[in-house]
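Let's take a walk through the inside of a protein. Keep the 3D view open while you read.

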Amino acid sequence: MVQQTVLCIADESEVGDIADALEDDPQLSPVTLTSVAEAVEALETESVACVVTGYDLPDGTGLDVVGTIREEAPQTPCVLYTDVTPTEIDTSSFEDVIVEYLNRDLPDAEDRLGFVVDDLIAHSAQVGFLVPDDEESRLDSLDAYDVDELPIEESFDRLTDLIASHFDAAVAFIGLIEKDEENFLACTGADWDSLTREDTICTHSMLQEDVMVVEDVTEDKRFAENQQLRDLGIVSYAGANMTTPEGQTIGQVCLIDHEPRTYSEQQQAELQQFAETAMEILELRQSLLDAVSSGGQA
């Protein structure tokens, strides 16, 4: 079981109480900090599942911490745990960060804090994945391919076999990234059908133009606490975009290994070529299907 790191931020007289309220939960690993500066450093370098912060800090306020969350990891939920009233706290500029308020003066505040943190972590896991700016048009482009009607399974199976052999990789797969999940059209080395968008590394990989390499997911703050990746034995990753002629990224061609691994520039270029080949196969099959359909209507 992967423990979820929770940053507990308050002055020295209060931070211990926050950590004590969470320490009985075996899934949570509270880390105590006493300043905005310490929180900023932790958010930049660590994988954090949730943040619990007081409002008045020695070098700023809890909103300074929330601002860093917005910049570094907007999917990370935050609890403002303070006796400062909500009317004195302006959170209107932080709509893209999950912010929960809990008055620490309530009689059962410490008991409630653990429940609030668990709920926020569960909620962020359900909705917290990044999407491209053009997500709606990207999904429209993906819908233009009648994947269920295309005779691509054997071609893609052969292609992932070739990719896995070429790179001596434990797993090679071709996946299409849909609204809520990534569906694998072919997978050599594992029996994977799909992964939710919040669990797959491809959710991040599709956002960059070049091949994305994660040499060791346990050392990457974006993925270190992803239990699903651990359950699948995913330690290293390389992913290349499948891009339509109109420039929409609809899928990925990826390599997985069960131990840390690097990829040279040449290997990354070769993986991108395989992704372009997969896209060409998909495009060709769709063009043939469209031609047959048009001929039948004529």
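This is a predicted model: local features need pLDDT of at least 70, side-chain atom pairs count only at pLDDT 80 or more; totals for chains, interfaces and linings use all residues.

Residues are numbered from 1 along each chain as its sequence is written, and side-chain values use heavy atoms, with hydrogens and water left out.

**The cores**

A nonpolar core is a set of buried Ala, Val, Leu, Ile, Met, Phe, Trp, Tyr and Cys residues joined through side-chain atoms within 4.5 Å. "Buried" means under 20% relative accessible area, "exposed" means over 50%, and "partly exposed" is in between (1.4 Å probe, protein chains only). The largest core here has 29 residues, and Met 242, Leu 255 and Leu 282 touch the most other members. Which elements supply at least two residues each? They are α6 (153–167), β8 (171–177), β12 (236–243), β13 (249–257) and α9 (265–297). Top contributor is α9, with seven residues. These labels come from DSSP runs, numbered from the N terminus: helices are H or I with at least four residues, strands are E with at least two. There's also a second, separate core of 21 residues, including Val 79 and Leu 102.

**Two cysteines, no bond**

A disulfide is a covalent bond between the sulfur atoms of two cysteines. In this search, it takes a pair of cysteine sulfur atoms within 2.5 Å, and the whole structure has zero of them.

Rings of Phe, Tyr and Trp (its six-membered ring) pair if their centres lie within 6.5 Å; planes under 30 degrees apart are stacked, over 60 edge-to-face, and the rest tilted. The structure has five aromatic pairs. In one of them, Phe 167 and Tyr 263 have ring centres 6.5 Å apart and planes at 70 degrees, so they sit edge-to-face. Phe 167 belongs to helix α6 and Tyr 263 to the loop between β13 and α9, so the pair ties together parts 96 residues apart in sequence. Phe 167 is buried, at 3% relative accessible area, and so is Tyr 263, at 8%. Together with Phe 274, these two form one aromatic cluster.

Asp 168, in the loop between α6 and β8, is exposed at 64% relative accessibility. Its phi is near 50 degrees, a positive value in a residue other than glycine. Most residues other than glycine have a negative phi.

On a 1 Å grid over the protein atoms alone, a cavity is a set of points where a 1.4 Å probe fits but cannot get out; a pocket is an open set with protein on both sides within 12 Å along at least five of seven lines, and lining residues have an atom within 4 Å of a point. Grid points are joined across faces, edges and corners, and a volume is the space filled by probe spheres set on the points. For the linings, Ala, Val, Leu, Ile, Met, Phe, Trp, Tyr, Cys and Pro count as nonpolar, Asp, Glu, Lys and Arg as charged, and the others, Gly among them, as polar.

| Space | Volume | Lining by class |
|---|---|---|
| Largest cavity | about 60 Å³ | 10 nonpolar, one polar, one charged |
| Second largest pocket | about 290 Å³ | seven nonpolar, no polar, six charged |

The structure holds one cavity of 30 Å³ or more. Among the residues lining the largest cavity are Trp 192, Asp 199 and Cys 202.
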